[in-house]
Amino acid sequence: MNKLFGSPTIDWPYKFQQKLERCKDERLKRFYSHELPSPDTPISEITFLAVDFETTGLDAKKDDIITIGIVPFSLNRIYLKQAKHWTIRPRKQLEEESVVIHGITHNDILDAPDLNEIIDDVLEAFSGHIMVVHYRRIERDFLSNALKVRIGEGIEFPVLDTLEIESNIQGKLAGGIWNKLKGKQPGSVRLGQSRRRYSLPDYTPHHALTDAIATAELLQAQIAHHYDPNAPIKSMWL
């Protein structure tokens, strides 16, 4: 069993081998052929990839990815020079509600490529990495559904989810009979509120690259305050 989250541990290198044997698209074959860290690798020895998507909505089956931000990092360093950011043209016209949230306008996406035009670059950047995200259903579901629409196959990859990590931390801190009697509730696990607990600075939200950097910093703080950096990656990946 997974020591931190109580769910079964996934052997992601083995799963990638299975996916490699079954997938048909050459781009996915290249993605699954990249070697992942061994499940027993200490967290402190891994270079992660923080990933964030901005989307036109929250329904992966009907909404689209419009920006992708990524930045590689370890527990001790964030490699800003290797950060990347893509703007993508959605299939449908932007709704006013989404423009208000992320600030991306029709002019911003006018000459942007479709995801299919940059998917080679995106998958190459993702390859061999364990992704770190804040709420994995966005990055996992949106990318998988976007690929199903374009190439007829979805995608799977290991993640560390800082939202789930913070949920577990807050659940433990608010647990116990005495806390229940006092009516103590777990704290918010939104990205900004989670960062403030660790005295991390406020960033302007809803920019994919900024949020990726914010997520990387949050994981560094979570591990430093609550977990053993020598724990194996299999104890945290999902």
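Helices (H or I, at least four residues) and strands (E, at least two) are DSSP runs, numbered from the N terminus.

This is a predicted model, in which local features need pLDDT of at least 70, side-chain atom pairs count only at pLDDT 80 or more, and totals for chains, interfaces and linings use all residues. Residues are numbered from 1 along each chain as its sequence is written, and side-chain values use heavy atoms, with hydrogens and water left out.

Turning to the sheet, 5 strands make it up, open and with mixed pairing, in the order β3-β2-β1-β4-β5. Because β3 (84–87) and β5 (159–161) stand at the edges with a single partner strand each, one side of each has no neighbour in the sheet.

Next, the helices. Helix α6 (residues 136–151) lies across β1, β2 (65–73), β4 and β5, at about 75° to β1. Helix α7 (residues 162–173) also packs on the sheet, touching β4 and β5, and its direction makes about 45° with that of β5. Contact means heavy atoms within 4.5 Å; axes are lines fitted to C-alpha atoms, for helices over the stretch in contact, with angles from 0 to 180 degrees between N-to-C directions.

Finally, the buried residues of α6 include I138, F142, L143, L147 and I151, where buried means under 20% relative accessible area (1.4 Å probe, protein chains only). Just after α6, G152 takes a positive phi of about 80°.

Definitions and conventions: Buried < 20%, exposed > 50% of the residue type's maximum accessible area, 1.4 Å probe, protein only. Pairing = 2+ DSSP bridges.
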